[in-house]
Amino acid sequence: MATRDIYESGFDEDGRAKSSANQCPECDGRVTTNAVETVCEDCGLVIDEQRIDHGPEWRAYDDEKRERTGAPLTAARHDRGLSTEIGRGTDAKGNELSGQKRRRLARMRREQTRGRWRSKAERNLAHGLGEVRRLASALELSDSVRDQACQLFRSAQNEDLLRGRSIEAIAAASVYGACRCNGRSRLVDDVSEMARVAESRVTNAYKTLNEELGLPAEPVSPSVFVPRLASDLECPDEIRQRARTLAEQAEDRGVTTGVHPAGFAAACLYKAGREEGRWLTQSEAADVANASKATVRAHRDTLEEQVA
């Protein structure tokens, strides 16, 4: 028997085609669909449910405490934060482990440490990113600046800029470069002191990063260093505001082009202190700015000539 003899293939022209796409199968009511489910407006029958959850990935037990399924990806670690950690003395419920299980976990932890890095480059990356995180924490930088510094170190390794240079110097230069790109008032001396690397090596590494990677670093203005130096010198608000005004006036007149920004800021504080009757010495102003007394005197003379 042919297939066409089993199934009807005719068409009734008098019959009206009915679409059940927007009708409830129970009461023929109107059906609406939202982001979660398809429901009949008349009888309330749930026809279909959306299996994809469009809500947040965290669980909230109250308004203050939220729990995620895992830590987010971050550029501050060599494996983007997807590493596995083996516990030590307790299990997942906080119960104490037996001696045999602790020894087994110790052996597993040792083998994981040995096979953690697939190559020497990955080991250098982990060491460099750890140094960047340490410097960012010591300098009290924000997480966004820290992540930018870590990404800058990754770019330096991808461009093979670590060859012939120390990892600590490139890490310190990455932190300093991230500060320069974000307009932070950080000196090379501050970063090199925290990194325990010579200032000349950090400066050379930063020049290499700036030339090879083309960092969008803008010249730092002296007015940016005034609040920080004033805080180090414990100057009152009147002197700080007057020094900020002097620095901004000098920038508007174009006399700060090519000068040491921190040294010029120290000269503004020195001049403002003399005007307010506070005998701030040139040595004190030069020490906090990592400049010489001759630099402070030269910028002071420029202020007296160009700025009222």
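This is a predicted model: local features need pLDDT of at least 70, side-chain atom pairs count only at pLDDT 80 or more; totals for chains, interfaces and linings use all residues.
**First stop: the largest core.** Begin by selecting V132, L141, F153, V175 and L209, the residues with the most contacts inside the largest nonpolar core, which has 35 residues. Next, display the elements that give two or more residues to this core: α3 (120-138), α4 (143-158), α5 (167-181), α6 (188-195) and α7 (199-213). Among these, α5 gives the most, with 10 residues.

**Second stop: L209.** Centre the view on L209 and show its surroundings. Leaving aside residues up to four places away in sequence, L209 touches L152, A156, L161, I170, A173, S174, G214 and L215.

Now select A250, A265, L303 and V307, which are included in a second, separate core of 30 residues.

Two packed helices are described by the angle between their axes and the distance between the axes. Select helix α9 (residues 237-252) together with helix α10 (residues 261-275); the two pack at an angle of about 130 degrees, and their axes lie 8 Å apart. Because of that angle, α9 is oblique to α10. The crossing in which α9 passes α10 is right-handed.

To inspect this contact, show side chains on both helices. From α9, select I239, R240, R242, A243, L246, A247 and A250; they meet F264, C268, L269, K271, A272, G273 and E275 in α10. Colouring by class then gives nine nonpolar, one polar and four charged residues in the contact of α9 with α10.

Notes
Residues are numbered from 1 along each chain as its sequence is written. Side-chain values use heavy atoms; hydrogens and water are left out. A nonpolar core is a set of buried Ala, Val, Leu, Ile, Met, Phe, Trp, Tyr and Cys residues joined through side-chain atoms within 4.5 Å. Buried means under 20% relative accessible area, exposed over 50%, partly exposed in between (1.4 Å probe, protein chains only). Helices (H or I, at least four residues) and strands (E, at least two) are DSSP runs, numbered from the N terminus. Contact means heavy atoms within 4.5 Å. Axes are lines fitted to C-alpha atoms, for helices over the stretch in contact, and angles run from 0 to 180 degrees between N-to-C directions. Angles under 35 degrees count as roughly parallel, over 145 as roughly antiparallel, 65 to 115 as roughly perpendicular and the rest as oblique. A crossing is left-handed if the near helix is turned anticlockwise from the far one by less than a right angle, and right-handed if clockwise. Ala, Val, Leu, Ile, Met, Phe, Trp, Tyr, Cys and Pro count as nonpolar, Asp, Glu, Lys and Arg as charged, and the others, Gly among them, as polar.
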